[in-house]
Amino acid sequence: MRIKIALLLPFFALALVLTGLAQSKIGYTNIELVMAYMPESKSIEQQLGTYQKKLAEKLKVKDDYVKQKYQEYLEKKERGTMSPDEQKRLETELLQLDEEVQKMAADSEYDLMAKRQELLEPVLKKLQDAIDSVAETGGYSYILNQTTSAGVSTILHGPEDADVTEAIFAKLGMKMPEE
C-alpha cells in the first residue's frame, strides 16, 4: 500500500502544479512597438543625436591633431632632419596620442550608452507602470514581450485576446497605430 502511495505522490504533485498554471492568465505585448510610438522616444533620439555629434566633434578634433602631428613627423623623416633621439621621441609621442584617441573613442561609446540609459529610465518606468496597471486591471499573472530587441518573435502563436498592446497604448494615453 505504501509503495502505491509513493508512486502516486509525484502525479498528485504534478496535477497540483498544472492546476496552478491553468489558473494563471498570461498576456503579451510588443514593447518595442509601444516605445517607438511614445512621444518621449522622438525627443530621446534627438537628444542622443545631438550628444553623439558633440562627442564625435571632440573625437575629430583630437584625431585631426594626431594626423597633423603624424604628417609633421613624416615630413621631417623625409627631409632627414631628425636625429635618432628626436625620431624615437616623436614616435613615442605619436603612439601615446593614438592610444589617447582610441581611449577617447571607447569613452565616447560608453558615455553615449550611459546617456541613452539615463534618458530611457523615466520612459521605461512609465511603460512598466502602464504594463503593471494593465496586468492588474486585466487579471494577468504574466505579461510577456512578443519580440526580442533584435525584432525576433518569441511568441509565435497566442490568442488575440491575450495581446494587451492596445490596452497599454490606451493606458499611456496614446492611440494604437494602424498596421
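Biologist: Leaving aside its neighbours within four places in sequence, which residues is D111 in contact with?
Modeller: Keep in mind that this is a predicted model. D111 lies in helix α4, residues 84-138. The C-alpha atoms of D111 and L55 are separated by 8.7 Å, although the two are 56 residues apart along the chain. Beyond its neighbours within four places in sequence, D111 is in contact with Y51 and L55.

Biologist: Is D111 buried, partly exposed or exposed?
Modeller: Buried would need a relative accessible area under 20%, and exposed one over 50%. The value for D111 is 31%, so D111 is partly exposed.

Biologist: Which element gives the most to the largest nonpolar core?
Modeller: This core has 21 residues, and V34, M38, L127, I168 and L172 touch the most other members. The elements that give two or more residues to the core are α2, α3, α4 and α5. With nine residues, the one that gives the most is α4.

Biologist: How are the rings of Y70 and Y73 arranged: stacked, tilted or edge-to-face?
Modeller: Y70 and Y73 both lie in helix α3, three residues apart, which is about one turn of the helix. Planes under 30 degrees apart count as stacked. The ring centres of Y70 and Y73 are 6.3 Å apart and the planes are at 25°, so the pair is stacked.

Biologist: The charged end of K115 sits over the ring of which residue?
Modeller: A charge sits over a ring only if it is within 6 Å of the ring centre and within 35 degrees of the ring normal. The charged end of K115 is 5.5 Å from the centre of the ring it sits over, that of Y51.

How values were computed:
Residues numbered from 1 in each chain as written. Predicted model: local features only at pLDDT ≥ 70, side-chain atom pairs only at ≥ 80, totals over all residues. Heavy atoms only, no water. Helix = DSSP H or I, 4+ residues; strand = E, 2+ residues; numbered from the N terminus. Buried < 20%, exposed > 50% of the residue type's maximum accessible area, 1.4 Å probe, protein only. Contact = heavy atoms within 4.5 Å. Core = buried A, V, L, I, M, F, W, Y, C linked by side-chain atoms within 4.5 Å. Phe/Tyr/Trp six-rings, centres within 6.5 Å; stacked < 30°, edge-to-face > 60°.
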